[in-house]
Amino acid sequence: MSDYIDIAPEVAEAFAAGKPVVALESTIISHGMPYPQNLETARAVEQDVRDNGAIPATIAVIGGRCKIGLSPEELEYFAKGTDILKLSRRDIPYCLAKKRDGATTVSATMILAEKAGIRVFATGGIGGVHRDLAGNFDVSADLTELGKTSVAVVCAGAKAILDIPKTLEHLETLGVPVIAYGTDEFPAFYSVESGQKAPLRLDTPEELAAFLSSKWEFGLEGGAVIGNPPEADKALAREAIEGAIEDALIEAKEKGIQGRDVTPFLLARVTELTKGKSLEANIALVRNNARLGAKIAAAMVD
Amino acid sequence: MSDYIDIAPEVAEAFAAGKPVVALESTIISHGMPYPQNLETARAVEQDVRDNGAIPATIAVIGGRCKIGLSPEELEYFAKGTDILKLSRRDIPYCLAKKRDGATTVSATMILAEKAGIRVFATGGIGGVHRDLAGNFDVSADLTELGKTSVAVVCAGAKAILDIPKTLEHLETLGVPVIAYGTDEFPAFYSVESGQKAPLRLDTPEELAAFLSSKWEFGLEGGAVIGNPPEADKALAREAIEGAIEDALIEAKEKGIQGRDVTPFLLARVTELTKGKSLEANIALVRNNARLGAKIAAAMVD
Amino acid sequence: MSDYIDIAPEVAEAFAAGKPVVALESTIISHGMPYPQNLETARAVEQDVRDNGAIPATIAVIGGRCKIGLSPEELEYFAKGTDILKLSRRDIPYCLAKKRDGATTVSATMILAEKAGIRVFATGGIGGVHRDLAGNFDVSADLTELGKTSVAVVCAGAKAILDIPKTLEHLETLGVPVIAYGTDEFPAFYSVESGQKAPLRLDTPEELAAFLSSKWEFGLEGGAVIGNPPEADKALAREAIEGAIEDALIEAKEKGIQGRDVTPFLLARVTELTKGKSLEANIALVRNNARLGAKIAAAMVD
Ligand SMILES: [Mn+2]
Ligand SMILES: [Mn+2]
Ligand SMILES: [Mn+2]
């Protein structure tokens, strides 16, 4: 294990006992939701993992140390923090060298999970290919990471602000399996329907676990995207949310928002424009993914 | 060797005796040509390899087992099969975990060839950057594979339905050598001329073998594209084929064909539109590539 | 060490004594500047490295042998040479197998530096995403190399002929850290200002060294871009140079210049159009980067 990594006691015990562990990201806490919903959700998600047979390991960097599992106080610190870096792969060395605090996005969480030996990671949605690709060539580092780091990401698809067909094409280009869980369609984050068929479909946590085991045993490095549709009664209709997203995208462009600031800006504006409905749906889908992640991790141990 | 791999007796003997082996793909049999031309071609191609001093290893997955070399019965099964998966890198674990049958595309054949220790692979054409890149961001996983998997692909260039200049640019971006054999121009699959100069030119199998040995001995992982122009008397004039390709592309767009279905649809339509001439040219060029592949593999052993 | 590599005596002594070494590229000599300015600059740059506490290792291929450090005669040979290949990653095996002479671009220099154990490399500017990406999909192999090869490139940003915002986006996609040295803005090669904020800022060679050590100690393979702004009194105003660049780009398109010929053509035309001012600025910035590279390499040894 790297010198830079601290394993929380509960996670270390799970490793020693061969119990399933699910990685969780911290950017969703510090940059993805407002307080206090972020803290409530982070706690609920950890409990969802426990209730479904696995141990949660929320991942973050504190004072330049990589934390695999946060204490309740640390969770609260990230929920209230105002000076927390947002870490993608490229930003990790800065946070380590400067001994700063950083919240991990999907790519950084995958890296730290892999280094700690955790194979299943549950989150809301992955990054992807941004709309107006020709104009900005903005493609999330999450996709590159999925092409090389061997962690499965359980999500409700790509964040809704993205170009879903181009994101699926790019994942194919990178050789990343994309599996819809219990449905033929790749989910659209807030919505069940995306209009895009997923390349693969599997129907049980056991099938997903067998798929992942075959992949890595055979020596096919890299991640996998498990697209878990949001629960129908908590999802938003695609046409209902799409207008808010388009308005937010226009606004971001007018304000010249770029790089790592794009996604948090858009998510915050969509929450305002939907009067909080998008936030409610977001919380529900993250919890739904945590439950599935725990079941997959448990099935991989069996 | 991975637990998932079965080496056919003839191939195992060749390995033991240090004889040259050429990998061949199976998607061209199951999804690339109609029956019975596909079976005739598969047999002829294997014979072409033998006649030029190497042992053929047609690669496929049967019942979740990776086969390096197929028996005559297995070859026929793939030629007639209707429930055979088309496997790119991302699809392999599904086929293994479900114990299904799968035909390997260029990317999957490269992966299995490398795992079996085969360095030369002959096929028709590689995938590449699709036309209308800005509209669909559709770039074949074959290019990604060429960037990391150490197998040389002997082909008549990229499939003619693709954007050849952009495919060449992307191979440069990925650090993949592209060599025209015995000509300055990169071939255009059905046609000798593409209008694009190849980055490198070599004129004998021995020169190609020396190039590949230098690459891998020096530790430059990844593949190489050896562009072998189709025989002049069996090639089609570029302007003759281009109209059929454009019509097929428009049709595919209208029908909303996407992902792994695009290439088989276009190839079948072009065959219809050219009244079979494109199929004849395709068969001839695959055989031409098999002969060159065998000579390169033999030169690498010497 | 690979059988293909020769370490110059002065560099071998530095390795043995644990002294800092800075890699320098040779394409800037053979294809990047006219004679005799190229030779004067190559000599001055080596002296700049020495004056700042490190040993220079100019990298090239001679007769198929990879040279880590050139003698004065070899430096002159590259400055006057007319039959010298321009080597990107994909071209190296050709040069080795044919026992030719080749000048290394950024990607090839990174590869040879890494194989020789050199971690810091100073040059003028990196390649990047070309303008008109949608039209030509032309993205430099330097960016791919930065995504996987563990060498820090000290530069004045990306070459000015490129699309700087898209280059920064693609580096983010690939997980490559981009650090502006002593400024918030990513430099624009000839100019201090690019209009683009750099993702990270560090202010001393010691901070840069600590960043790089954290990155590689933690096991995050791949390079880093250290954007060193040109000295204010030797830089050109962005609007002054931009007109010449745009004229040169139009001319290159009209003449159908492609692939590895694009950058040398544009640099030569910009020099003509600016009546040599761009060449003067180029020389000054390369020397400025060599000085910073030496300081970083020295700080990494301490
Ligand atoms: Mn981005
Ligand atoms: Mn595709
Ligand atoms: Mn290029």
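Glu114(A) counts as partly exposed, at 35% relative accessibility; the scale, with a 1.4 Å probe and protein chains only, calls a residue buried under 20%, exposed over 50%, and partly exposed in between. Glu114(A) is found in helix 6 of chain A, residues 106–116. Helices here are DSSP runs of H or I with at least four residues, strands are E runs of at least two, and both are numbered from the N terminus. Leaving aside neighbours within four places in sequence, Glu114(A) is in contact with Thr149(A), Ser150(A) and Val151(A), where contact means heavy atoms within 4.5 Å. Between Glu114(A) and Ser150(A), 36 residues apart along the chain, the C-alpha separation is 6.5 Å.

A word on the source. This is a predicted model, in which local features need pLDDT of at least 70 and side-chain atom pairs count only at pLDDT 80 or more, while totals for chains, interfaces and linings use all residues. Residues are numbered from 1 along each chain as its sequence is written, chains are lettered from A and ligands numbered from 1 in the order in which they are written, and side-chain values use heavy atoms, with hydrogens and water left out.

Next, Thr144(B). It lies in helix 8 of chain B, residues 141–146, and is buried at a relative accessible area of 19%. Outside four places in sequence, Thr144(B) is in contact with Thr173(A), Leu174(A) and Leu174(B).

Now the aromatic rings. Rings of Phe, Tyr and Trp (its six-membered ring) pair if their centres lie within 6.5 Å; planes under 30 degrees apart are stacked, over 60 edge-to-face, and the rest tilted. That rule gives 9 aromatic pairs over all chains. One of them is Phe218(A) with Tyr4(B), edge-to-face, at 5.5 Å centre to centre and 80° between the planes. Phe218(A) sits in the loop between helix 10 (205–217) and strand 11 (224–227) of chain A, and Tyr4(B) in the segment before strand 1 (5–7) of chain B, so this pair joins two chains. Phe218(A) is buried at 2% relative accessibility, and Tyr4(B) is buried at 14%.

Last, a helix pair in chain B. The axes of helix 11 (residues 238–254) and helix 12 (residues 262–273) of chain B come within 9 Å and cross at roughly 130°. Axes are lines fitted to C-alpha atoms, for helices over the stretch in contact, and angles run from 0 to 180 degrees between N-to-C directions. Helix 11 of chain B and helix 12 of chain B are therefore oblique to each other; under 35 degrees is roughly parallel, over 145 roughly antiparallel, 65 to 115 roughly perpendicular, and the rest oblique.
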